[in-house]
Amino acid sequence: MSLLTRTAGATADDLKPSRGPRESILSRGAALVVMGVFTLYFLVPIWWLFIASTKDRGDLLTTNALWFSDWNFFANVGDLFAYNDGVYLRWLVNSLGYAGIGALLATVVAGMCGYALAKYRFRGREAFFNVVLGGVLVPATALALPLFLLFSQVNLTNTFWAVLLPSIVSPFGVYLSRIYAAASVPDELIEAGRIDGAGEVRTFFTISMRLMTPALITVFLFQFVSIWNNFFLPLIMLRSQELFPVTYGLYSWNTQLNQIPELRTYVLVGSFLSIVPLIVAFLLLQRFWRGGLGTGSVK
Amino acid sequence: MTATEALVTRAGRGERPAKPPRRPTPHKGAIAIFAGPFGVLFLLFYLIPIGYAVWQSLLVVQRDGTYGAPEQVFGGLAQYALVFQNAPFWESVGRVLLFGVVQVPIMLGLALLFALLLDSPVLKGKKFFRLAFFAPYAVPGVIAAIMWGFLYSPNLSPFTDVTRTIDFLSPELVLWSIANVVTWVFVGYNMLIIYSALLAIPSEVYEAARLDGAGQVRIAWSIKIPMVAPALVLTAVFSIIGTLQLLAEPQVFRSFSAAVSSTYTPNMTIYATSSIPNTQLAAAFSVVLALATFALSFTFLKITQRKAAQ
């Protein structure tokens, strides 16, 4: 509200008239130059990584780093997959498991909770929500060590569960789901469900969840990314390399580059392959998450 | 559980249970089913670990004589006294604060500039730029750090002319080289959050300004930026949190630069301390860092809210 009044004041200020189409051509050009330069900044490193993963070890150092020489991409990928009994593929599968299963469960759990907070009144609701919001401000990395201490008490460190279980809690997902459910699921619809004799749970899974889809996809994607990118938890929890997610695996190879130089190609090819799934997922699902992103910020 | 189910179905049929003197919460069972799982998980993997860390941080290890078995006993705030005397830890805190003071404004300034350009009528090819700028967000911090580590290196970089004259991995520059990696990953993400907020502004808001002949820059400065202030606050808070938690990028840079010590950031200090192992001290570090993060982002929220209310 205070913002609205401020803006209203601003529009009432004496605003200078624009200087016409000449300025507009100039500013068009300037805008394009700025965006063009930064496009290079954002894309050249990824392009370089792609080019590097198409080269064999000799060409990597001797040929133009930003253009192709002999096409060795598939040979490199084959070598990468074969190295160390295919441990890289194992890491990719692990990452997909941690992030896929974790994000799916997190989304359902957070979606249900956000829905309950938006659509039902109960004692302690705001207190509960405030504690969860506090959780948004406590970052996942701050929890990694306490979780490790606790998990070592119950002998769960160095297991799949050590990384998966903490990943299914998304306070931000609850926050987003609550805001979105409050705005997009009409009370009348839930009431209609009640009159038709559908249970609350059935109403949620058949109707409300569908209305919340954009928010839920956003929660899923961002949780997926945060699990996929999470480094501290695997670093502190895992010792056996067959449990590593791909980021931790590549990190461990990268630390051995000085002793085992041939790992360099594998690190580069492996890095490139590991970012492809996320880029594809973001491109395919963009119409969903773009809608959902705004929900969190406008509030 | 059966009682819960009964309640759900009864509530579902729209029958009201007999009214006791105090009005009961309707749909109690449904609420338990919806909010329960998150509540339990939040308790198990958020609240209990925090409590356990606080408890651990209050313990000290004692031995019977030099070779006696170690035993954990209550030590009060002894670990916290050690935390406050630990110079490397405070150096690492100072380092990430310096990092944040420089990197967060640059990153958010760029994100705001790009979002305003995407939102203005002067730019063509918006869809392409939006995707190109967001693409780095799909690169995990570890991978981004490995990639940039190679790009900075004096022999492998495609820009060896530059990297041979400027040592990006030197003790003086490496912090800012890491800042560049973080900026590269997160500008597009923050840009999209601000851009979504810009899209949500109804166009009627601009009408009056346009009729008065305001230029795009004036509209951006006087209308758009104040209206997306909440989004800027949100991105700032998340960036502050992220900065204090810095771990993956500097940890990777240890392979590229000897200047990055094992206690370069607070989280690296925690990791290094826990692998000694000195879990009690590491727990105390964790508690201090979590409190500092919370206090800083909370203060920032409060200050900006007060400003907005003025």
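Here is a quick tour of the structure above, starting with chain A and ending with a strand pair in chain B.

This is a predicted model. Chain A is built with 15 helices and zero strands. Its neighbor, chain B, does have strands, and two of them pair up in a hairpin. The two chains touch, with 89 residues of chain A in contact with 93 residues of chain B.

**Chain A as a whole**

- Chain A has 299 residues, and buried residues make up 43% of them.
- Take the contacts in chain A between residues at least 6 apart in sequence: 73% of these join residues at least 24 apart.

**Where chain A meets chain B**

- Helix H2 of chain A, residues 21–52, gives the largest share of that chain A side, with 14 residues.
- Sorted by class, the side of chain A that touches chain B has 61 nonpolar, 19 polar and nine charged residues.

**Helix H4 against helix H11 in chain A**

- Two packed helices are described by the angle between their axes and the distance between the axes.
- For H4 (residues 73–119) and H11 (residues 213–229) of chain A, the axes come within 8 Å and cross at roughly 140 degrees.
- The crossing of H4(A) with H11(A) is right-handed.
- H4(A) brings a list of residues to this contact, including A:Ser95, A:Tyr98, A:Gly102, A:Ala106 and A:Gly111.
- From H11(A), the residues in the contact include A:Leu216, A:Phe220, A:Phe224, A:Ile227 and A:Trp228.
- By class, the contact of H4(A) with H11(A) counts twelve nonpolar and five polar residues, and no charged ones.

**Helix H8 against helix H11 in chain A**

- H11(A) also packs with H8(A), residues 171–184: their axes come within 9 Å and cross at roughly 165 degrees.
- That angle is why H8(A) counts as roughly antiparallel to H11(A), since the cut-off for that label is over 145 degrees.
- The crossing of H8(A) with H11(A) is right-handed.
- On the H8(A) side, A:Gly173, A:Leu176, A:Ser177 and A:Tyr180 do the touching, and they meet A:Ala215, A:Thr218, A:Val219 and A:Gln223 of H11(A).
- This contact splits into four nonpolar and four polar residues, with no charged residues.
- A:Val219 and A:Gln223 of H11(A) turn up in the contact with H8(A) and also in the contact with H4(A).

**A closer look at A:Gly36**

- A:Gly36 is found in helix H2 of chain A, the helix that gives the largest share of the side touching chain B.
- A:Gly36 is exposed, because it has 12 other C-beta atoms within 10 Å, and 12 or fewer counts as exposed.
- A:Gly36 and A:Ser167 are 131 residues apart along the chain, and their C-alpha atoms are separated by 38 Å.

**The strand pair in chain B**

- Strands S1 (residues 59–63) and S2 (residues 70–74) of chain B pair in the antiparallel sense, over five bridges.
- Among the bridge partners, B:Val61 goes with B:Gln72 of S2(B), and B:Gln62 goes with B:Glu71 of S2(B).
- The hairpin of S1(B) and S2(B) has six residues between the strands, and B:Gly65 takes a positive phi near 70 degrees there.
- S2(B) is hardly covered: among its five residues, the count of buried ones is zero.

Technical notes
Residues numbered from 1 in each chain as written. Chains lettered and ligands numbered in written order. Predicted model: local features only at pLDDT ≥ 70, side-chain atom pairs only at ≥ 80, totals over all residues. Axes fitted to C-alpha atoms, helices over the stretch in contact; angles between N-to-C directions. Helix = DSSP H or I, 4+ residues; strand = E, 2+ residues; numbered from the N terminus. Left-handed = near helix turned anticlockwise from the far one by under 90°. Contact = placed C-beta atoms within 7 Å. Nonpolar A, V, L, I, M, F, W, Y, C, P; charged D, E, K, R; others polar. Buried ≥ 20, exposed ≤ 12 C-beta atoms within 10 Å, placed from the backbone. Parallel < 35°, antiparallel > 145°, perpendicular 65-115°, else oblique. Pairing = 2+ DSSP bridges.
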